[in-house]
Amino acid sequence: MSLSEQIENPFLPEPARIVRQYDLIKDHRFFQIRFIDMNRAMSFDYVPGQFAMLSIPGVGEAPFSISSTPSRPGILEMGIRRTGNLTRALFKKKDNDIVYLRGPYGNGFKIEPMVERDIIIVAGGLGVIPLRSILYFVLDNRDQFDELYFLYGARNPNEFLFKNEFFQIKAREDIDCLYSVDKDTTGDWTENTGVVTSLFQKLPKIDPQTTTAVVCGPPIMYKFVIKELLKLKIPKNMIQMTLERRMKCGVGKCGHCALDHIYTCIDGPIFTYWDTLHFRELI
Amino acid sequence: MRILKMKPDFLKEFLMGLEGFGALYGPKRQSGILKYAPIESYDELVLDGENTLLPLKRLFHPMRFDMFRFDSRGFEADYSIFEKRVIIGVHPCEIHGILKLDEVFLVHPPDPYYAGLRKNSAIIGFSCLPAENALCRSTGTDIVAEGFDLFFVDLTDFYLVWVGSSFGYDMILEKEDFFDENVTHEDIQIYIEWREKRNRMFKKSFNFRDMPDIIELSYKSEIWDYFGKKCLSCGQCTMVCPTCNCYNVTDVLDLATETSGRRERMWDSCMFADYSLVAGGHNFRHARADRLKLWYTHKLKAFAHKYGSPACVGCGRCVETCPVDINVLTVSEALTSCEVPEE
């Protein structure tokens, strides 16, 4: 029908292949996904902190943060927890199975305020999945940034995500990795024990004038982590965090992620602590 | 803008002659309910100023439709809802409602479904006299300067016809003889008197201009809890509101298959308990009071912040529809006076 010729459809999901997948911990799986269209696979450009909408036909669609870094194009990585209908169906997929993606969406981390400055990355639990993107982005462009501190806390050693990768990075000299578990349930944990905020004592002297922080974790964590960052006198607009909301469209139409006059999907999901003081429902 | 005159005797022939421009739609009574529906004969058209139960948005943002068909080869967009239409009898508040939805749906990236329906529809506006609960004079949406192809103002002895687009002018050219370009001083006087008479007919009014500040100041007000306790979360306010755009998306499998089906879009409501519920069970707006506050904040403050005017177009539908008397007027009055309504 001529009425519908040449219509750009931002909701059209594009086919992509699960090239590799493996369990990170119980109920958390790592997916490497590549668009079937090779040009699309290479042209899908994004910023750390952005997300994509993932579809399984007949089950539905939901937003997932991208865990890979745009500095390594071609394959998108996602760390996903089995928690609802869509993720249950996704966990049944095998290597080489097809899923559908559209995106990237959201604002992503502001990289500019990090360039030639010190960076503190603070992750709690699942929050490390989106922060892995900015972590690797900084490492892949290491000369652009000054000191890098990576603080990550999990509930216990069995819930520590990307253990191999992160302990490998720990051996590097150009990054200060501080890891913690709330409780050592295994008896062979070699790092700090205590909540993620207890890692702040182990930081060297921070110059708040030249430091930027990025934070992601469960809602309860923000309050305590931000208190620590403010104690270090890091400016409120230099604390970036990534937030979660229900989303159905990703492009500011469906309304679900609205709060005040902003949409989390287009104005977020990255907000500064300063933003959260204005938009009272953010955290 | 071009303004012409037309004798009421020509109305029927002119409107029914517009079929060449698209399928005719207009307010029509079906099973006792006034709704925008396809018009087969002139007698079905209700042009007396009564509000339809559901606003014009249902023709541009349908209550339910298929966005995609999918099968093992992937997704294919379904644009079968597109149809050339001429929508007759649209009141100023309804046109304002659509212009506000444009701000959401047509901003980059445009929603192709809304944009397609919009592009293929002509709007023939009609003047109305204020209904019992009309608030459009308070919201500044009682008259309209854009968003129509033609607009008819009923001055009893004649119509003044505003030509809002070249497409509208094409319609005029079809029946050029019906129209008179000679608008006299006397005609202008009749129009002014009609405006004054109409202005005097409003029974309700409210100063919505102050609401953005008042809502900001009332963030922690117990007024929200009072309304939250009364609210039934039925969502009727959002369904009848001309500017509520929220929708949900779900996949529906065809019978007896596991691979083919359709991706549906349907109206959602921020009043529903699961509106902000995410996987894993966290609900960002578990409390009814929080959901009500979101709606009124969005409608009367946030939309104005973003687009320059509030999202309420003063149609009065929420005043008529809410079973427990929660509406733009009762909420605004309570927040402004800091007193809850008397039972």
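How many residues of domain 1 of chain B are in contact with domain 2 of chain B?

## Two domains in contact

This is a predicted model. On the domain 1 side, 38 residues are in contact with domain 2 of chain B. Domain 2 of chain B brings 40 residues to that contact.

## The buried area

Put together, domain 1 and domain 2 of chain B bury about 3,400 Å² between them. Carbon and sulfur atoms give 59% of that area. Three residues stand out on the domain 1 side: B:Phe70, B:Lys100 and B:Leu135. They supply 19% of the area that domain 1 of chain B buries against domain 2 of chain B.

## Salt bridges and polar contacts

The rule finds 5 salt bridges across the interface of domain 1 and domain 2 of chain B. Polar contacts also cross this interface: 27 residue pairs, with both residues at pLDDT 80 or more.

In chain B, the side chains of B:Arg69 and B:Asp254 also meet in a salt bridge, at 2.8 Å from N to O.

## Which elements take part

Four elements of chain B each give two or more residues to the side of domain 1 that touches domain 2. They are helix 2 (57–60), strand 4 (64–71), helix 3 (92–105) and helix 5 (136–139). Helix 3 of chain B gives the most, with 9 residues.

What classes of residue make up this side of domain 1 of chain B? It has 18 nonpolar, 10 polar and 10 charged residues.

Key:
Residues numbered from 1 in each chain as written. Chains lettered and ligands numbered in written order. Predicted model: local features only at pLDDT ≥ 70, side-chain atom pairs only at ≥ 80, totals over all residues. Heavy atoms only, no water. Contact = heavy atoms within 4.5 Å. Buried area = accessible area lost by both parts, 1.4 Å probe. Salt bridge = Lys/Arg side-chain N within 4 Å of Asp/Glu carboxyl O. Polar contact = N/O pair within 3.5 Å; in protein donor to acceptor, adjacent residues only side chain to side chain. Nonpolar A, V, L, I, M, F, W, Y, C, P; charged D, E, K, R; others polar.
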